[in-house]
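Take a look at the structure first.

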Amino acid sequence: MSAESVGFVGLGNMGSVLAANLVGAGHTVVTHDVSGPERSPAGAVHVPEVAEVARRAEVLVLSLPDGTASEQVARAMLEVPDRRVRYVVDTSTVGVSAAQGVAELLADGKVGYVDAPVSGGVAGARARTLTVMYAGEDEACAHVEPVLAGLSDRRRRVGDRPGMAQALKLANNFLSATTLAATSEAVAFGLAAGLDMATMLAVLDESSGRSAATSDKFPQHVLTGRYAAGFTNSLMDKDVRLYLREVGERGGAVSVGEVIGALWERFAEAEPGADFTRIFPFVHGS
């Protein structure tokens, strides 16, 4: 696998770090991003078009904002007659239906698709503690395993068909959105009652209210005032809406989800593009 070239399309907050991880793992990496080469990691070769990535790489990794973008890149790649790409690894959060659609599109072009969303934030990507949850056919998953290993030290195959990893990622992000919002309300209540935030977090993190919000997001970004987790409220709003749509299509319960979805929608509309940890001041000030 080390002789193969890996393409990478989408060099946002997460994608630029993942591409750097692949370079660090010894892969030959060819990158492309619509904004240009500024975020292409040292050691990678940036090219101006997706077509050029398709000509140089055998495995193509995507880190894009939504399913529409993933489909557009897949179509552009398939239109290249002399492409080398045989497998696509999609680390984007696109939803179950979009993943299935892209997988079918690629299958028609004899290209394997591995659905591989990630969780753990930009800091987790840098530390290689990011969780890569992936799903796909046996042959495709086996072939791209060295690439997945290049992305992170934590990987788990969660299913044998595309879309299954997306379902788990959406469930995860819904829980993340819920616990961060609920912790924001709880901490705001504690402050109003005269409690110290650091004291609250220390006790909550040792008690049944513990979550990633109390152990990571609040101590690292809210308490410090950094608000720099590297994930926007607009993307979280998108992910929660995707979750609610997928649950609704399957007749699942959405009573809690609708409340959480409405909150994140209001936050994203009020402060579009803000770091998602800023939901605390948004909740605290409302």
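Is Asp 237 buried or exposed? With a relative accessible area of 8%, Asp 237 is buried (buried means under 20% relative accessible area, exposed over 50%, partly exposed in between, with a 1.4 Å probe and protein chains only). Its partner in a salt bridge is Arg 241, which is partly exposed at 46%. Both residues belong to helix α10 (residues 233–249), four residues apart, about one turn of the helix.

This is a predicted model, in which local features need pLDDT of at least 70 and side-chain atom pairs count only at pLDDT 80 or more, while totals for chains, interfaces and linings use all residues. Residues are numbered from 1 along each chain as its sequence is written, and side-chain values use heavy atoms, without hydrogens and water.

The structure holds 15 salt bridges, each a side-chain nitrogen of Lys or Arg within 4 Å of a carboxyl oxygen of Asp or Glu. Here are some of them:

| Pair | N to O distance |
|---|---|
| Asp 82 and Arg 55 | 3.2 Å |
| Glu 145 and Arg 155 | 3.0 Å |
| Arg 241 and Asp 237 | 3.3 Å |

Asp 82 and Arg 55 meet in a salt bridge. Asp 82 lies in the loop between α3 (67–78) and β5, and Arg 55 in helix α2 (residues 50–56), so the pair ties together parts 27 residues apart in sequence. Helices (H or I, at least four residues) and strands (E, at least two) are DSSP runs, numbered from the N terminus.

Strand β6 (residues 112–115) is covered on both faces: Gly 112 and Val 114 on one side, and Tyr 113 and Asp 115 on the other, are all buried.
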